[in-house]
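User: I'm new to this structure and would like a close look at one part of it. Could you walk me through that part and what it connects to?

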Amino acid sequence: MAHYAFLDENNIVTEVIVGIDETELIEGLDPETWYGNFRKQNCKRTSYNNKIRKQFAGIGFQYDSENDVFIRPQPYVS
């Protein structure tokens, strides 16, 4: 079991789902690619134990593609 975050056109997380293990394939594709194609959204795996992409993604988090991390939203403008 793995978790996957769906991103909008601004790389903001809109939904997080539980999906198949990241080592399994769906129709010959890795899960990130298959889920992304199916939903027509960018999809990135996220991890509760923070071993990938810095921290577990939540709705409203931003995905930084340059550093391959999820960034928590700022509670206040600073």
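Analyst: Strand β3, residues 42–46, is largely enclosed by the rest of the structure, because four of its five residues are buried. Here buried means under 20% relative accessible area, exposed means over 50%, and partly exposed is in between (1.4 Å probe, protein chains only). Helices (H or I, at least four residues) and strands (E, at least two) are DSSP runs, numbered from the N terminus.

A word on the source: this is a predicted model, in which local features need pLDDT of at least 70 and side-chain atom pairs count only at pLDDT 80 or more, while totals for chains, interfaces and linings use all residues. Residues are numbered from 1 along each chain as its sequence is written, and side-chain values use heavy atoms, with hydrogens and water left out.

Now to the neighbour of β3. Strand β1 (residues 2–7) pairs with β3 in the antiparallel sense, over five bridges; two strands pair if DSSP finds at least two bridges between them.

R45 is buried, at 19% relative accessible area, and its side chain meets that of E22 in a salt bridge (3.4 Å, N to O). A salt bridge is a side-chain nitrogen of Lys or Arg within 4 Å of a carboxyl oxygen of Asp or Glu. Because E22 lies in the loop between β2 (13–19) and α1, and R45 in strand β3, the pair ties together parts that are 23 residues apart in sequence. E22 itself is partly exposed, with 34% relative accessibility.

Next, the loops on either side of β3. In the loop between α1 (31–39) and β3 you will find K40, which has a positive phi of about 55° although it is not a glycine. K40 is exposed, with a relative accessible area of 73%. The loop between β3 and β4 (62–64) holds K54, again not a glycine but with a positive phi of about 70°. K54 counts as exposed too, at 54% relative accessibility.

The closest N and O atoms of E32 and R53 are 2.9 Å apart. R53 is buried, at 14% relative accessible area, and its side chain also meets that of D68 in a salt bridge (2.7 Å, N to O). Together, E32, R53 and D68 are linked in a network of salt bridges.
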